[in-house]
Amino acid sequence: MNDLYLFSIDLEDVRFQMEDGRRFAERVPANTRRYLAWLKARGFRCTFFAAGDVAEAYPSLIREILDEGHEIGCHTSRHVPLDRQTPEKFRADLESNVEALRRAGAKDIRGFRAPIFSLVEKTAWAYGILRELGFAYSSSVLPAKNPFYGWPGFGPDPKIMDGIWELPMTVARFGPYVVPPAGGVYFRVLPRPFVMRAAAKARGQGRPLLGYCHPYDIDTAQERFMHPDINDSRFYNFLMYYNRKSVFPRLEAVLKKGFKIVPYAEFVKTLVIPSS
Ligand SMILES: [Zn+2]
């Protein structure tokens, strides 16, 4: 399979990750439906990695996603990064994430994404638990140094970790940094020609382009508040809101280059186990 764009939505409601966050307006269902409409109009299906609290708050939204033929994966129950969990807590967390998604109608749950790419060398115990709970793949590694998490030595290609395929994010060099050009804030904030060149480079190397967006990434009408898990940094919070209007035009630009969006599970089926 060539020209693949493994576009995904990390389906979370940042208000649920904040104390008293529900005092702010509900934005997630409306913005998720904008992604659904865009995907439907272009005839593509993708993967939604959904937090359990989102499935509990908006079960009908999960059903709408499934009815349109998209894949649903797990993104933990309460969006707690893996280094703040223990293996025991993570297992219970994931079971309850699966259960919440099943109650909302999801059946074949095969994929996982760690919150904030918190699957790193120190939390690689997570793969064994994913395998035991019947998962097939994870897309939870940012194979670069990052202000929050990152696993620079992982490498750019899918790898089997403890029986689970890990599909690392696409990364590219930007000046002194190595960043995920198709991911949320980076996709919005970095210069568009850089993002397009990085996409072309991944394709040229025979790799799919892996990227993610959140409901908030397209939300130009969201009220201002300090987002969780960015160390209360005003600069990062500025970036959280920056250039949200650019997301759909940039997605269009990627498709114009001939990329095709497919659900992660379909890509995983094409992977061949390396012979040792
Ligand atoms: Zn997330």
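Which residues have the most contacts inside the largest nonpolar core? They are A50, I62, I72, L101, F117, A199 and L209, in a core of 79 residues. A nonpolar core is here a set of buried Ala, Val, Leu, Ile, Met, Phe, Trp, Tyr and Cys residues joined through C-beta atoms within 7 Å. A residue is buried if 20 or more other C-beta atoms lie within 10 Å of its own, exposed if 12 or fewer, and partly exposed in between, with C-beta atoms placed from the backbone. In soluble globular proteins, nonpolar side chains tend to be buried together.

The model is predicted; local features need pLDDT of at least 70, side-chain atom pairs count only at pLDDT 80 or more, and totals for chains, interfaces and linings use all residues. Residues are numbered from 1 along each chain as its sequence is written.

The protein chain has ten helices and eleven strands. Helices (H or I, at least four residues) and strands (E, at least two) are DSSP runs, numbered from the N terminus. Of the 276 residues, 45% count as buried. Along its principal axes the C-alpha trace spans about 50 × 40 × 35 Å. Among contacts with a separation of 6 or more, 75% join residues 24 or more positions apart. Two residues are in contact if their C-beta atoms, placed from the backbone, lie within 7 Å.

Helices α7 (192–204) and α9 (residues 247–256) meet. Their axes come within 11 Å and cross at roughly 35 degrees. Axes are lines fitted to C-alpha atoms, for helices over the stretch in contact, and angles run from 0 to 180 degrees between N-to-C directions. On the α7 side the contact involves R192, V195, M196 and A199; on the α9 side it involves R250, A253 and V254. By class, this contact has five nonpolar, no polar and two charged residues. Ala, Val, Leu, Ile, Met, Phe, Trp, Tyr, Cys and Pro count as nonpolar, Asp, Glu, Lys and Arg as charged, and the others, Gly among them, as polar.

Leaving aside neighbours within four places in sequence, its partners are P181, A182, L209, V254, K257 and F259. K257 lies in the loop between α9 and β11 (260–261). The C-alpha atoms of K257 and A200 are separated by 8.3 Å, at 57 residues apart along the chain. K257 is partly exposed because it has 13 C-beta neighbours inside 10 Å.

Other loops hold residues with positive phi. D162, in the loop between β6 and β7, has a phi of about 55 degrees although it is not a glycine. D162 has 15 other C-beta atoms within 10 Å, so it is partly exposed. G163 is found in that loop too, between β6 (159–161) and β7 (164–166). G163 counts as exposed because it has 12 C-beta neighbours inside 10 Å. D229, in the loop between β10 and α8 (234–241), has a positive phi near 60 degrees and is not a glycine. With 16 C-beta neighbours inside 10 Å, D229 counts as partly exposed.
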